[in-house]
Amino acid sequence: MKPLVAIIMGSTSDLPVMEKAAKFFDEMEIPFEINALSAHRTPHEVEAFAKNARERGIKVIIAAAGMAAHLPGVIASMTTLPVIGVPINSSLDGMDALLAIVQMPPGIPVATVGINGSLNAAILALQILSTDNVDLQNKLASYKEDLKSKIVKANKELAATKFKFKTN
């Protein structure tokens, strides 16, 4: 099995956040790899990863980082593959990471999801992969229909909840 998506995080301390993406890919049966690489501590390994990802079959890269959060941008500067940045809440409520990832210079885009938003990053990655794959489009449609069903069910349960001054 060759990975289609790479999940890269600046530190293994980011794994509890990034597990949501990994679990989603497992659920959707999308081969992925997951590694810890640091833009600051392992710059040569980051460069080798970014420059070789396409030839290894990677189609989308999800890069998570906290604090200075340079990892997504550094990777994006070295590849033409789509990079999705996940800011990690490791300091300053994650705002430092969010701003570091979203404020990329012209020519080096990084799609950025919300703080700790690895599930949305995985869904976005699958949407990118599905542009020319009907099977993946169907998986996404089913996933989104399931989301709708969960809300409809929750609203019915909410309707059954009783309060003295509730009007619906």
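Visitor: What makes this protein chain one of two domains, and where do they run?
Guide: In this predicted model, the protein chain is divided into domain 1, residues 5–132, and domain 2, residues 134–163. Those bounds come from an automatic or database domain assignment. The C-alpha centres of domain 1 and domain 2 lie 28 Å apart.

Visitor: How do you know which residues of domain 1 and domain 2 are in contact?
Guide: Contact asks for heavy atoms within 4.5 Å. By that test, 13 residues of domain 1 are in contact with seven residues of domain 2.

Visitor: Why is the link between Lys-139 and Glu-29 called a salt bridge?
Guide: The cut-off is 4 Å from a side-chain nitrogen of Lys or Arg to a carboxyl oxygen of Asp or Glu. The side chains of Lys-139 and Glu-29 meet at 3.4 Å, N to O, so the pair qualifies as a salt bridge. The count between domain 1 and domain 2 is one salt bridge.

Visitor: Which elements give two or more residues to the side of domain 1 that touches domain 2?
Guide: They are α1 (15–28) and α5 (118–129). The largest share, five residues, comes from α5. By class, this side of domain 1 has seven nonpolar, three polar and three charged residues.

Visitor: What is the area buried between domain 1 and domain 2?
Guide: Buried area is the accessible area that two parts lose on being put together, summed over both. For domain 1 and domain 2 the value is about 830 Å², and carbon and sulfur atoms give 66% of that area.

Conventions. Residues numbered from 1 in each chain as written. Predicted model: local features only at pLDDT ≥ 70, side-chain atom pairs only at ≥ 80, totals over all residues. Heavy atoms only, no water. Buried area = accessible area lost by both parts, 1.4 Å probe. Helix = DSSP H or I, 4+ residues; strand = E, 2+ residues; numbered from the N terminus. Nonpolar A, V, L, I, M, F, W, Y, C, P; charged D, E, K, R; others polar.
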